[in-house]
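This report describes selected helices of a protein chain and the confidence attached to them. The sequence and structure are shown first.

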Amino acid sequence: MNMFEFDKIKKLKFESKILAEKIKELETAIEYSAVKYSDMPKSHDMRDKKSEQIIKLLMLKDKYIKLVFVAETKINKAIEKIRELPEPQYKVIYYRYLKNMTWSEIAKETNYHIRTCYKLESKAIKKLKSKR
């Protein structure tokens, strides 16, 4: 386990969040177009546009599902590896790299001083590097 793996997880989480937002926007656009044109006669162009939107939505959802699966797999592997750490080190690494919490949030959550959190992180990273 190295920092690069945690960065990959962070990137996957970010990408999945962006995809989820795009999906929501497209669902809203499809819903809006259905309401807006429901009382009007349908033209072929309108159906084609709506069909394209639905196809794009399905493709985005498929991509999202695959991305979330990859992210969850990597997260589970990371958790397995950091679980071998002593509990205080585990908590700091988990909160910092898998929950993306700030140092002050971690200190508050764990009831440790921020400097103690830094030291625990440093020790944990050394242990993880040595176990490669």
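The model is predicted, and the protein chain has a mean pLDDT (the predictor's confidence in each residue, from 0 to 100) of 85, with 86% of its residues at 70 or more. Confidence is lowest in helix H1 (residues 3–36), with a mean of 82, and highest in helix H4 (residues 103–110), with 96. Where pLDDT is low, the predicted coordinates should not be read in detail. Helices are DSSP runs (H or I, at least four residues), numbered from the N terminus.

Residues are numbered from 1 along each chain as its sequence is written. Local features need pLDDT of at least 70 and side-chain atom pairs 80 or more, while totals for chains, interfaces and linings use all residues; side-chain values use heavy atoms, without hydrogens and water.

Buried residues have under 20% relative accessible area and exposed ones over 50%, with partly exposed in between (1.4 Å probe, protein chains only).

| Helix | Buried residues |
|---|---|
| H4 | Trp103, Ile106, Ala107, Thr110 |
| H5 | Cys117, Leu120, Glu121, Ala124, Ile125, Leu128 |

Viewed down the axis of H5, its buried residues lie within an arc of 135 degrees (taken from the directions from the helix axis to the C-beta atoms), so they line one face of the helix. The face of H5 turned away from the buried side carries exposed Arg115, Lys119, Lys123, Lys126 and Ser130.

The buried residues of H4 pack against helix H3 (87–98) and H5, contact meaning heavy atoms within 4.5 Å. After H4 comes Asn111, with a positive phi near 65 degrees.

Notes:
Helix = DSSP H or I, 4+ residues; strand = E, 2+ residues; numbered from the N terminus.
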